[in-house]
Amino acid sequence: MSDPNREDDAAARARRGRNIAIALGLVAFVILVYVVTVVRMGASVANRPF
Amino acid sequence: MAMATAHTTPRAAARWQDFLQLLKPRVMSLVIFTALTGLICAPDRINPILAAVAVLCIAVGAGASASLNMWYDADIDAKMRRTRGRPVPSGRVQGADALALGVVLSLFSVMLMGMALNWLAAGLLAFTIAFYAVVYTMWLKRWTAQNIVIGGLAGALPPVIGWAAATGTAPLNAWLLCAIIFMWTPPHFWALSLYTSEDYAKAGVPMMPVVKGAASTRLQILVYSLLLIPVCIAPAFTGLGGAGYLAVSGLGGLVFLLLAWRLYRSLAGEAADPRNDDGLYDVRAGARDARNLFAFSILYLALLFATLLAEHLMGATPLELFR
């Protein structure tokens, strides 16, 4: 008899796909914020007083 | 209040592609194109990475408002052939998930635009999302036949946001790009609704042909087309478009007017009498006229913005005919 609590394969695959998409989205966002910070600070860092 | 709750029983587990579909990628590509045109036509040059971030924020904001629209309109979408396969009415995505995605992406796109570019662009983006999701989707669409006229402002604002992202200002020429899309929207959508009005009537959406009839809609398409063409030519007089733009907007405008005139003279959108073969033929011929205007309207807008984009990228001299 099949376990009613066990997720079927299609649902598990769909959930894994969603999790990977969210992870990639978050990583992309972190990289984006880092790059924007570097670009916006770039000129100020180069011209900073020593 | 009509919301998605009645249509949100999931039949299958949602895949990431279903969430992507909530963002209406095809509409998003059009928004990217018009926003990029605004950004490139602006006189100030910004860092290309920041320009890419600005376009990304506008695209994600457009996707967010599309997701909010699909959450709220699931009851309407379920009744229309064209939209019943969307993720929420088909049960693949829960309404609450579409709402959450829309809210989260709205906040991310507006905050990133503010921090990376400037707060005028961020404010305009926030206004655009709110206008589409609240004013158009929740109010105008179900209430008035002028829904797409006023609601068209949301689709018209991306070039202004792009311009504001580049310069921190929104001058007359930026609003001229907005006016072109704003005036283009009624003839474009009403031409479509003339041959899909049965769907809108079934869903209870007060589109112009459903409320005022096909003849009135065809007349209004013609009037809006007459108003649209001078607005499209105007950038050649304000230092925005060059000789190429003047030619494309003028010649394309004449074709647009010809197609609008043909549609006005047709029987597009009329109820055909099945006992009368000639009448049925005329109505079908009218539907072809409506399709022709609908298809050409897309080409015309694409050509106008592509010409402006090309002229500014190649450094063509604007005409400034008023000077």
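Val223(B) has its place in helix α12 of chain B, and in this predicted model the residue is one of those that make a nonpolar surface patch of about 440 Å², together with Leu219(B), Leu227(B), Trp261(B) and Tyr264(B). Helices α12 and α13 of chain B each supply at least two residues of this patch, and α12(B) gives the most, with three residues.

The two helices also meet one another directly. The axes of α12(B), residues 214–233, and α13(B), residues 243–265, come within 9 Å and cross at roughly 175°. Because angles over 145 degrees count as roughly antiparallel, α12(B) is roughly antiparallel to α13(B). The residues of this contact divide into 16 nonpolar, four polar and one charged.

| Helix | Residues in the helix | Among the residues in contact |
|---|---|---|
| α12(B) | 214–233 | Arg218(B), Leu222(B), Ser225(B), Ile229(B), Cys232(B) |
| α13(B) | 243–265 | Tyr245(B), Ser249(B), Gly253(B), Phe256(B), Leu263(B) |

Turning to charged pairs, side chains of opposite charge can pair when their charged atoms come close. Over all chains the count comes to seven salt bridges, and in one salt bridge the side chains of Asp73(B) and Arg142(B) meet at 3.0 Å, N to O. This pair links distant parts of the chain, since Asp73(B) lies in the loop between α3 (48–72) and α4 (74–79) of chain B, whereas Arg142(B) lies in helix α6 (residues 119–143) of chain B, 69 residues apart.

Methods
Residues numbered from 1 in each chain as written. Chains lettered and ligands numbered in written order. Predicted model: local features only at pLDDT ≥ 70, side-chain atom pairs only at ≥ 80, totals over all residues. Heavy atoms only, no water. Axes fitted to C-alpha atoms, helices over the stretch in contact; angles between N-to-C directions. Helix = DSSP H or I, 4+ residues; strand = E, 2+ residues; numbered from the N terminus. Parallel < 35°, antiparallel > 145°, perpendicular 65-115°, else oblique. Contact = heavy atoms within 4.5 Å. Nonpolar A, V, L, I, M, F, W, Y, C, P; charged D, E, K, R; others polar. Patch = residues over 30% accessible without salt bridge, like charges linked within 9 Å, V, L, I, M, F, W, Y side chains within 5 Å. Areas by Shrake-Rupley, 256 points an atom, 1.4 Å probe, with all protein chains shown as cover. Salt bridge = Lys/Arg side-chain N within 4 Å of Asp/Glu carboxyl O.
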